[in-house]
Structure formats: C-alpha cells, structure tokens
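Here is a short briefing on one protein chain. Keep the structure open as you read, and find each residue as it comes up.

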Amino acid sequence: MFFYLSKKIAIPNNVKLKCVSWNKDQGFIACGGEDGLLKVLKLETQTEDTKLRGLAAPSSLSMNQNLEGHSGSVQVVIWNEQYQKLTTSDQNGLIILNEWNRIWGKDLKGIHLCHVAWSADSKILLFGMANGEIHIYDNQGNFIMKMKLNCLVNVTGAISIAGIHWYHGTEGYVEPDCPCLAICFDNGRCQIMRHETDQNPVLIDTGMYVVGIQWNHIGSVLAVAGSQKVVKQEKDINTVQFYTPFGEHLGTLKVPGKQMSGLSWEGGGLKIALAVDSFIYFANIRPNYKWGYCSNTVVYAYTRSDRPEYCVVFWDTKNNEKYVKYVKSLISITTCGDFCILATKADENHPQFVLVLCNSIGTPLDPKYIDIVPLFVAMTKTHVIAASKEAFYIWQYRVAKKLTALEINQITRSRKEGRERIYHVDDTPVGSMDGMLDYSKTIQGTRDPICAITASDKILIVGRESGIIQRYNLPNVGLIQKYSLNCRAYQLSLNCNSSRLAIIDISGILTFFDLDARVTDSTGQQVIGELLNLERKDVWDMKWAKDNPDLFAMMEKTRMYVFRNLDPEEPIQTSGYICNFENLEIKSVLLDEILKNPEHPNKDYLINFEIRSLRDSRALIEKVGIEDASQFIEDNPHPRLWHLLAEAALQKLDLYTAEQAFVRCKDYQGIKFVKRLGNLQSDSMKQAEVVAYFGRFEEAERMYLDMDRRDLAIGLRLKLGDWFRVLQLLKTGSGDADDSLLEQAHNAIGDYFADRQKWLNAVQYYVQGRNQARLAECYYMLEDYEGLENLASSLPENHKLLPEIAQMFVKVGMCEQAVTAFLKCNQPKAAVDTCVHLNQWNKAVELAKNHSMKEIGSLLARYASHLLEKNKILDAIELYRKANYFFDAAKLMFKIADEEAKKRAKPLRVKKLYVLSALLIEQYHEQMKNAQRGKVKGKSSEATSALAGLLEEEVLSTTGRFTDNAWRGAEAYHFFILAQRQLYEGYVDTALKTALHLRDYEDIIPAVEIYSLLALCACASRAFGTCSKAFIKLESLDTLSTEQKQQYEDLALEIFTKHTPKDNRKSELDSLLEGGEGKLPTCVATGSPITEYQFWMCSVCKHCVLAQEISNYNFCPLCHSSVA
C-alpha cells in the first residue's frame, strides 16, 4: 500500500481547523474550526477523456459554502450518510442538526462524556468518558459493564480517548471474524476488537500522540493521525500511520504543518482528508488490491456484505466474459502466463495454507497444502515460490496441457522428489536438488526476516529487512550471491534477462541494481553488483517489458513514465495498475473504477498505451517516408517496429524493404508472403494479395472480381471459411460451377446451421449437398421420422448408413422401421435383438423362423427369468403369450390366481384370473394340435422351427391340473359367485343346487366358505337335512379354532332345536347330484343339471348352457367368449 500528498486547500484568514468529515456518498467535505468556522466543500472531477479517470482526473472546488450558527470553536462535524444531514457541535456545547427524534435520554451524573459508538446491529452503545474509561450500554440505556482495556496495561498518568470507530461490515469483511472495533488513546496505545467483550484484542503501540482514527470504507485499513517526536528535531512531525485490522503496519505518511487536528476517508477509500493548522491536505491512497493479469484475463477479488468469502472475478477482457469464484480467507493472487495462484488459509482452526493453481477462467487445477504462511508469493512459467518471514517453499508445477484428467482430479497425488522443496532463509543450499520438504526448518526463527521475493526462469531473489538481497539459481536452488542495499525492499522485480533488479521500498522510492556488474569498492576490492544512478520517489507500481531488458514502465503518483536505458519519456497522466508491457505497448487497468462496481467490469477501464518509439515510427512512416523511418528503426530496433515498417513497405509494394524488415523481426510467414508476391507479374494482383494480407477481405475480393479472377475470390473465401459467400460466388459466376465444390459449400453451410442446432435450415443444404449421413442426423433431431424412413428407403442395400438409421429408430421405439433397415443391410440378428428390446416377441419369433435362428428360445427364457426376478410376473406372462409360449404363460397366470385366492381377494377378480389361465391352456392345446397336424402331413423335423421343437418337448413332460382340468378354478369361483347372486335375488332352491356343486372344489375354495354358503342356502331353502350335513362338516374342520367350532355348534343348536334336520322335499335329482359315472352336465348359467338332449356348448371352454337359457346371453357365462 502506498500513499502520497496530492492537494492542499487553504482556509481564509488562517483560521485553525479542529475537525473534518467527508460524506461517503455525495462527496461533501465539512470542516470546523476556531471562531465558529464551519465550511462545506466539494471536489469534483470533470473530464471526458476515458484515460483520465479516478485519481488521475484533475479536480477542482465545485462548492465552497460557509454555514452560520456557531460562535465557539467547532469541535465535531458528523454526516448522517442515510439522510445526508450534517450534525455539528462547538466548545460551548451548542449542537446544530437538521432533524432528530428523541428515543431515550440518560443523565450520566458526574461523568464527562467524550465519545459515542453504536454496534452494527444497534443493540450495543459505547460511551467514551473523559477519564479514559469506556462504558457499555444496551440500546435501552441500561449499563452492562466497563470495557476491559488491555492496551493500557502498565500505563500511568492521565490519558484521554483519541477515537472510537466501529466498522459495521457494510462492504463485507476481509476475513471471517475480523477485528472491526478500533479504540485509540492519545498516548498512542490502540486496541482492535472483534466485539465489545473481546478478551484477546489486537494491541498496537503507535509511538505517537494521536488526535483521531478512522477505518476505510471496507474495514481493511485503519488510519491513525497525530504527531510523532523525532530525534534531533525540536518540533513534532505530523504523521498518519496505517494498519491492517490485525495490527500489521502498512506505512507512514508524513504531513507538513504544526498541528494535525483530524482526518476523514473519502467514500471509496482512495483519498484521505487531513485537517492541519488552517489547511486541508489530501493524500491519494494506492491500495494493495488482490489482483493479477493472465492470458487477457484480469483477476481481482473484493468483499461483499452478504458473504463471508472473497468474491474472485476472472474477467476475460477479450470476450468480455467473467467467471466468479468464492474463496475463503484469500491471502493473495499471483499470476504468470496463462495461470494464477490463489493463496488461502486452509481452515480457520487449522494452521495449514493452500496454494491453488488455477487457469484463466478460475478452474482449480492443482492445490498444494503448505505449513508456512505465504506472506510473499512469486510465480514463473515453471515454479511457484511462497515465503514466510523465515523460510521459502518452491513448487515445480506442471501446466494443465501436460496434466491428464486423472491427475487433475486426483486429490492426494504423491509428492514427487524434487517437485516440492523448502529452505530456511539462513541456509546456504549448494543447488544439488537435495532440498527436502521438511517443515521442521520453518520453526526456527531468524534475526533478519524476509520482506520481499521475486523470481524469473533463471533466478530467485529474496529480500531481507536488513537490506540483504540473496540470489539463488533455478531450478537447482543454490545460493550464488548476496548483495547489500541501503533500504528495506517492499516490492522486487526482475527484467526479462534477469540482469537488473528493480526495488521499491516501503516509502515508495524506486532504485535499480545491476546484478552482474563487476565494480571496485572503496577498499579496492572487486565486487559483483552495482546500484544504478537512478532514484524515483512516490512510486507505487512498475513493470519491466517482457521483450526488452532496458525498457520498463512505472507509476509515480498519477503519472506513468516509460524508461529506456534509465532515460524517461514524457509522462502519461493515468492512475491505472500496469497489467502487461510487451511489443512497445503497455496495458493498464483502472482497478479503482472497476471495484466501484465489481460485478460489471467495463472494457473502458482497460487502457492501452503505445510508447514513444512506436508512436514516432508510425508518424515517420506516415509523414516522412519509408527510408527515414527505416533509419530511425535501425537506431531503435525492436521486432514490433520492424513489423510496422514491413507492413508499410508492403502497402507501397516495396518488396525489398518489406523482406528485409520481415527478416529483422524473424517473421518467416511474412518472408514467404513477400517471396510469393515477387513471383506475381501483375501489380494489381500484388495489390490485391497485400489487401487480403491486411484483412481487408471485401476490398480484396472486389479487386479479384475486377480482374475477372473469380477463382481467386472463391479461394480467398475458402481460406476464410466464408461458405455463404463461396456459394454466392459459385452461383453468380458465368461459367459452370464446380459440382464437387458446390457440394462442399452446401455441406459446409449445412454444418454451420447444424452446429447452431438450426436443423431445419441444415436439412435444405444437406439435401443439395447429398450428405446422407448428416441428413439422417438432422431428421432425427427434428423428430421427422417419416423423412428418416424415406431416406432409409432411398438408400441401396447394405449401405453403411442403414445400421445407424436403424439404431435411430430403435432409440425412439419404432420397431417396424428399425427391422426394415436392419434387414436391408443384411443384419437379421440385429433385427431380432431390436424386436426383443422393444418387446415385439411375435415379430421376433417370425424373424427367427424366416431366418432359421435357434437362439430365440434361450433368449426368451433369459428375459422371462429377468422379469420374474424383478417380480414383474404380468410382464413375463405377456412376454410368453406374445411369443406363443402359452403353457408357461398359463403356469404363471395360475400362480397369480392361486395367490390372489389365498389373499381372499374379490371372487370376481379371482375368477377372471382363472379364466385367463384356462384360455391360455386352450391356446396351448390348439397349438399342440396344429403341431401334430404338421407331423401327420409329412413335414420333416428339419423343416419345423426351433420354437415348435421346444413346444413338443414341453408337451411330453406336462401333466397335471393345468392341462387336464384347466377350467376347475374358473368353475369353482363361477359357481361360488352364481350361488350367492341367486341367493340374494331370492332363488333359494336354485342357489342350493348351485352351492351343492361347490363340494367338488374344496381344493380351490376354502371348505369353511363352501359349507358356510351351503348351510345358508339350505337353511333359506328349508332343506334342513342338507343344512345339518353342512354344519357337521363345518364342526369337523381342522382349520377352525376351538372358539370358532363352538360358535358353529351354538348356531346349529339354535337352528335344529326349532327345525328337524330333514329335507322337506326330496328332489328327484338327488341321486344324480350325489355323483357317479352317469353324472349329468351342469348348466353354467343356472347351476342346474342338464337333462335335455338339446343344449348349447361353448366353443372355447366346452361348458354347456340350457337351450332356453342361452338366448338371454351374448357371451358365455363362464369364459365370456362370444355366443355367436
């Protein structure tokens, strides 16, 4: 951080000032002084030059107004930022303010109140007393406690409070839990606290008489103003000391005058106003921004009130895109080439630190955890060097181009020997690559701490507080030289060939040191290294040119100077930070302006400056001529200047000079271009080529066409990839267009639209370019499956595109089209796989038959078992059914029906399941009959399909109820439902007959349900004999508990004490109903036996219905197949 005095405003009549306050938002400056002086001033900058922004812009007093009302000396002036009101107080106790509302008041008896401060949440109020005590109150005026003042331990004598300032975090904090409450006493003792009861505050002894303190706008810098005694001088010197919230001293600003009385920061933290005697001094502040520049990207960090982390912005100035990362406890940003290093704390509670290697868009590539504080970080193309006060760590990193994705993502990669090393600053390494990663070295202290470092590809420079400079070679890290300077370095920088070192000390003085010069010292001995005869003051930034060891640019106050061989050019007015110096051009960024609105960086804040030799060369070429310019460039050689001369010579077709200039700037492509120009006969042709070389393509094309060289115009557009223009030129030409080039143009334009996902536009051009592969892709993306089908139809058989089109159909479930495409390219196996994948098993079987494929059976079984594993039984049934494996489907369906019956599901649902099972068995029987018929007709086993063979094997091994009594389950539940329906409809005799059939189905329906229903029907029909038999059966069932059996016995007793257990009427069909070989068929519509010879039989289930009953039905009562 650097600061320097920039302006002084005198108060009329030499009236001495007592206080000053700068309005943060509007920029008004209020100052109070003796004899009731109260002035409001305003400094405004007015310039239209975009380069003259911020501190560099000239400022003038736009307002100078006296305010009346005070007679005594004005002691306090304070702005209310929210309402832009001013409150003032004088020595007589008069307070003048515009508006206020009384909340509460308190009479502090016997105490003289001097200072007041609110906490950020307005819950705590601090009262500073005249005796130096600070009392803590709540916002209701209740006393809480006295503040413990650690900074006054061992202090004697009278003291008074110089200032209390509590930063409220309006712009965020530089660190989580950062100290923000500053309290300072007139004796120079100061403490900075995290909160009002902080037991471990930061303690500072400024060593000066203090008159005031104030935080800057983001709470990162505390300014302490006052005076300091200096040895061998009678009067005290006015000084302002600057500190971080953690007590680190940032620097000292000396101010002329007798007595300083107050200070106030400007709203943006870039200026500070100081009241001294009858003057207001203004000092410019050059903050230590956390920033860097890599690969056309400005990286900068700032704090926000809504987040505890730093917001790090990677602003790509070329494309004007920004990438935002949030980083906790950021220490610094260091850049080199295309990469940057973010140095951070690993964790608030852990002493480790992290160096994160990032690319230019903020992607973390490689983090390194280290155990030393990276106070100073330097970076080269191959090394990262981080230093604490005692030691420095060297990491030989690998750039992202050589890192595989696996290595980047591997968090705990083993540390390779030689890649990471650490050295104590007092060690003397010999450069044998033997440096170990031993952090025990860092524990040892040093009497001469490190204060700055810098590095190039060849050497590492470490500066120490005593002025000693240590030089190490890289990459071996051997200490090869020590130099002694008369200053403490704050910033070090090496030139591009590592021959000279620039040093900026803590007071902003820039000096230069020649590292390799051999000189004789005062004792007559030869020494290496010489301090050069150049010194500049108030320097806060400098940058060496990347391509010239004698060129550098530096910032001195608000001026930029460019030096060549230590001779300055005329200064440029600017306040930008230097990003880059290359090709005689300086790139500078106005960070002050960017950080006013960091979320929206503006390209106007990035400024390019050309140095004088470049400007002069351009002026000579334009105004004098090539020869004189050539002589000037010869005297001031630089590749950029030679390139400028070559381009000027080309425009005048001076090929000799152009070639010589290209040779001097080592531009091989330029030399080749000049040679090619020399082979052209026509000057107009040469001129057109030169115009194209300079990028004026429209003009070059027009020149080609004027020469009737359409082929060259087309060639130019081909090189540029401007296919639209190529197509236009091909179509507008008088001759026949080249068909292959026309096709190429159509396809390239199609690619252009396809890349932008404008598929409809792409189709038009692909059709004309006959690009069937890309056409298929476009149809697929457009979901134009009809177009895709037509394309597949138009392709010849076995075309290489057919499998791809078929896969497109598969992805969208279009089985038929996919199969057609696969068959057309002779891939029946893929067609069958598609049918299986899309569950089109009928089609799969048909294809397997047609192409004599035998693996379909095993595939089917495998898929079915997969479905069953997932408990998708119905899907497996559907699979078997579609593949004509009816027996397997029936088995699974019977299983489901049995399970549903056990669950006591609705009888109708169970009946439906049994009917479906039986229907599958009927289909199985029909299939078997057809297979047998095929054999009888003499079809050989070779001609039968694999599926038929599998079915035959199944037939031979199947027995049981599935095939013999397929309808038993359906019959059982049919009669069970029918009997209940008849009972509820009042047909009790018919219900009894139907219920009697259920006795044959005890294996399907639980006996308790059968005999309960039979007993109920018999009782209703007054057939108490049958009812008694049903009760006897119920009482004898093993499945019933003793309690249930007792209930049946009690009910039977109740019934049969009233009614004799005999049937009232003997049915003539009793003997038939009891069974026997001559058992009559049963009508499934009524449940009655069929005694007539005329009856209807279902063609599907083979069950009968009385002839007179069937007329009432359209469907079979049992299997629900059509009656017709």
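Contact here means heavy atoms within 4.5 Å. With that cut-off, E743, H746, N747, I749, G750, D751, F753 and A754 of α12 meet W759, N761, A762, Y765, Y766, Q768 and G769 of α13. The model is predicted. Its chain holds 32 helices and 53 strands.

**The chain overall**

- The chain has 1124 residues, and 49% of them are buried.
- Take the contacts in the chain with a separation of 6 or more: 46% of them join residues 24 or more positions apart.

**Helices α12 and α13**

- Two packed helices are described by the angle between their axes and the distance between the axes.
- Helix α12 covers residues 739-755, and it packs on α13 at an angle of about 165 degrees. The axes are 8 Å apart.
- Angles over 145 degrees count as roughly antiparallel, so α12 and α13 are roughly antiparallel to each other.
- Their crossing is left-handed.
- Which residues of α12 take part in this contact? Among them are E743, H746 and F753.
- By class, the contact of α12 with α13 has seven nonpolar, six polar and two charged residues.

**Helices α13 and α14**

- Helix α13 spans residues 759-769, and helix α14 spans residues 772-782.
- What is the angle between α13 and α14? It is about 155 degrees, and the axes lie 9 Å apart.
- The pair α13 and α14 is therefore roughly antiparallel too.
- The crossing of α13 and α14 is left-handed.
- On the α13 side, the contact is made by W759, L760, A762, V763, Y766 and V767. On the α14 side, it is made by R774, L775, E777, C778, Y779, M781 and L782.
- The contact of α13 with α14 divides into eleven nonpolar, no polar and two charged residues.
- Look for W759, A762 and Y766 of α13: these residues meet α12, and they also take part in the contact with α14.

**A serine in a loop: S388**

- S388 sits in the loop between β33 (383-387) and β34 (391-396).
- Is S388 buried or exposed? Its relative accessibility is 4%, so S388 counts as buried.
- The side chain of S388 reaches the backbone nitrogen of E390 at 3.3 Å.
- Set aside the neighbours within four places in sequence, and S388 is in contact with I372, V373, L375, F376 and I450.

**Backbone points to check**

- Most residues other than glycine have a negative phi, and most peptide bonds are trans.
- The peptide bond from L474 to P475 is cis, with omega near 10 degrees.
- P475 lies in the loop between β38 (468-473) and β39 (478-484).
- S498 is not a glycine, yet its phi is positive, at about 60 degrees.
- Where is S498 found? It is in the loop between β40 (489-494) and β41 (500-505).
- S498 has 5% relative accessibility, so it counts as buried.
- H1120 is another residue other than glycine with a positive phi, near 65 degrees.
- H1120 lies in the segment after α32 (1107-1110).
- The relative accessible area of H1120 is 49%, so H1120 is partly exposed.

Methods. Residues numbered from 1 in each chain as written. Predicted model: local features only at pLDDT ≥ 70, side-chain atom pairs only at ≥ 80, totals over all residues. Heavy atoms only, no water. Axes fitted to C-alpha atoms, helices over the stretch in contact; angles between N-to-C directions. Helix = DSSP H or I, 4+ residues; strand = E, 2+ residues; numbered from the N terminus. Parallel < 35°, antiparallel > 145°, perpendicular 65-115°, else oblique. Left-handed = near helix turned anticlockwise from the far one by under 90°. Nonpolar A, V, L, I, M, F, W, Y, C, P; charged D, E, K, R; others polar. Buried < 20%, exposed > 50% of the residue type's maximum accessible area, 1.4 Å probe, protein only. Polar contact = N/O pair within 3.5 Å; in protein donor to acceptor, adjacent residues only side chain to side chain.
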